[in-house]
Amino acid sequence: MSEGATAAGCGTGGRTAAGRPAAGPATGPIGWPRIGVDVGGTKIAAGLVGPDGSVRFARTCPTPAQAGPRAVLDAVRDAAEGVRTAAAGPVAGIGVGAPGVVDASAGTVLSSTALLPGWAGTPIRAYLRAAFPGLAVAVDNDVNAMALGELRFGAASGLDSVLYVSVGTGIGGAYAIDGRLVRGAHHAAGEIGHLVASGSRTCSCGGTGHVESVASGPAIEAAYAEACGASGPAGPSAEPVGLREIVRRADAGDPVAAAAITGAAEVLGTVLGGLTCAFDPEAVVLGGGVAGIGTRFTEPLARALRRGLLPAMAELPLLRAALGTNAPLVGAAALLDDAGIAGLPDVPGLPDVPDVPDVPDVPDVPDVPDVPDVPGLPGLPGLPGLSDTDAAARTATEIAADGAAIATNEERP
Ligand SMILES: [Zn+2]
């Protein structure tokens with residue numbers, strides 16, 4: 001992408017890598033339409049997703065987070081059932097994006113923040129497969145789902161490899177190569193928000209100085225409050241100022257507000273530049289509400305990112321996510337194309353396979369008597385002038401000396 005195109009920080013819309021057709025309607029063993037579900041800390045969204053990535057019958061309900069994971073699962077089931085009823089036709093499966101570290105192969109949450117108490121260990125896929133017999137179910141981390149949505153239908157459509165980062169209340173990320181998400185040995189690949197960056201602010205995970213604690217929306221608000229407490233116009237006892245108001249003040253000429261946004265963007269851009277050097281994706285895609293601030297955030301981010309690139313990467317496109325608020329639902333539905341995680345529907349009516357009868361033990365084969373030792377062959381006489389003993393006595397040093405002598409001889413005219 002040219003410098004002029006990056007002046008706005010990002011572009012939007014699908015791109016096509018040379019030699020690879022743009023992703024059209026996804027084709028796979030599981031058809032369409034599908035139900036996409038996004039489980040958030042405050043609300044659950046569900047919608048019917050078509051083969052072109054369109055969303056219909058979307059609905060939301062509050063997340064009963066404090067009532068525990070069973071209540072959350074019940075709400076997910078009800079939301080999906082509501083969409084299925086509204087669809088008034090067959091649906092092929094259910095994809096779910098959920099917060100926390102998710103074992104996508106099992107469809108189970110491994111760990112989560114305090115956003116959803118007790119969420120770790122929740123077997124989302126097993127629950128939904130029992131609730132919707134005959135439907136395929138796929139479950140993954142919500143940011144992984146959003147990245148997959150951008151890869152199939154959005155800003156990264158047609159690309160094979162992409163580094164995706166979502167900047168909002170938290171910072172999440174994902175990396176895809178060969179058109180597939182990289183999940184990692186511990187199901188936590190792409191957790192960009194928890195890379196150590198700078199400062200001493202506590203992260204949502206309990207760590208210190210993580211990217212999320214420096215560059216997320218709440219981090220920008222904290223940075224502005226800290227700066228105002230020290231020297232800014234608001235004073236130390238002022239009410240907390242939200243991100244939207246910080247942007248407004250920056251646009252009105254408040255240098256403290258502008259610096260809070262720029263500082264966050266530069267930290268994230270530097271981290272993304274380093275990750276780009278490590279993984280060399282075809283593009284970086286930037287999503288989330290903070291990215292929606294616009295050029296005040298994306299321009300310093302792009303400059304910092306490009307400072308960290310090798311010359312061969314100079315044309316790396318930095319793209320704005322294109323799916324907007326539909327991304328979590330579209331991405332969740334796209335998870336069903338991942339053969340590694342999609343739970344295939346149970347096939348009804350197959351008879352139980354009878355147990356194979358035990359095979360009787362094979363009688364022991366009697367031991368073969370030992371073969372008597374064959375007397376040794378008489379030793380061959382050594383070659384004259386180079387007995388076995390002589391050869392064994394030749395040291396590496398002597399052999400090297402021979403080599404040097406050969407080299408010396410060959411150099412002679
Ligand atoms: Zn962290």
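Visitor: What is the volume of the largest cavity?
Guide: This is a predicted model, and the values that follow are computed from it. Rolling a probe the size of a water molecule over the atoms shows where empty space is left. The count comes to one cavity of 30 Å³ or more, and the volume of the largest cavity is about 60 Å³.

Visitor: Which domains supply the lining of the largest cavity?
Guide: The lining includes G100, V101, N141, R183, H187 and E191, and by class its residues divide into four nonpolar, six polar and two charged. At least three lining residues come from each of two domains, namely domain 1 (12-154 + 323-346) and domain 2 (157-321).

Visitor: Which residue caps the N-terminal end of α8?
Guide: Helix α8 (residues 255-279) has 25 residues and reaches 36 Å from its first C-alpha to its last, close to the 36 Å expected at 1.5 Å a residue. Just after α8, D280 takes a positive phi of about 50°. At the N-terminal end, a side-chain oxygen lies 2.9 Å from the backbone nitrogen of V256, and the residue that provides this cap is D254.

Visitor: How many residues apart in sequence are the parts that the pair of W32 and F153 ties together?
Guide: A search of the whole structure finds two aromatic pairs. W32 and F153 form an edge-to-face pair, with 6.0 Å centre to centre and 90° between the planes. Because W32 lies in the loop between α1 (3-6) and β1 (34-39) while F153 belongs to helix α4 (residues 142-153), the pair ties together parts whose separation in sequence is 121 residues.

Visitor: What is the omega of the peptide bond that joins W32 and P33?
Guide: Most residues other than glycine have a negative phi, and most peptide bonds are trans. P33 is placed in the loop between α1 and β1. The bond joining W32 to P33 is cis, with an omega of about -5°.

Visitor: Where is A88 found?
Guide: A88 is a residue other than glycine with a positive phi, near 50°. Its place is the loop between α2 (69-87) and β4 (93-98).

Technical notes
Residues are numbered from 1 along each chain as its sequence is written. This is a predicted model: local features need pLDDT of at least 70, side-chain atom pairs count only at pLDDT 80 or more; totals for chains, interfaces and linings use all residues. Side-chain values use heavy atoms; hydrogens and water are left out. On a 1 Å grid over the protein atoms alone, a cavity is a set of points where a 1.4 Å probe fits but cannot get out, and a pocket is an open set with protein on both sides within 12 Å along at least five of seven lines; lining residues have an atom within 4 Å of a point. Grid points are joined across faces, edges and corners, and a volume is the space filled by probe spheres set on the points. Ala, Val, Leu, Ile, Met, Phe, Trp, Tyr, Cys and Pro count as nonpolar, Asp, Glu, Lys and Arg as charged, and the others, Gly among them, as polar. Domain bounds come from an automatic or database domain assignment. Helices (H or I, at least four residues) and strands (E, at least two) are DSSP runs, numbered from the N terminus. The expected span of a helix is 1.5 Å times one less than its number of residues. A polar contact is a pair of N or O atoms within 3.5 Å; within protein, one must be able to donate a hydrogen and the other to accept it, and residues adjacent in sequence count only if both atoms are side-chain atoms. Rings of Phe, Tyr and Trp (its six-membered ring) pair if their centres lie within 6.5 Å; planes under 30 degrees apart count as stacked, over 60 as edge-to-face and the rest as tilted.
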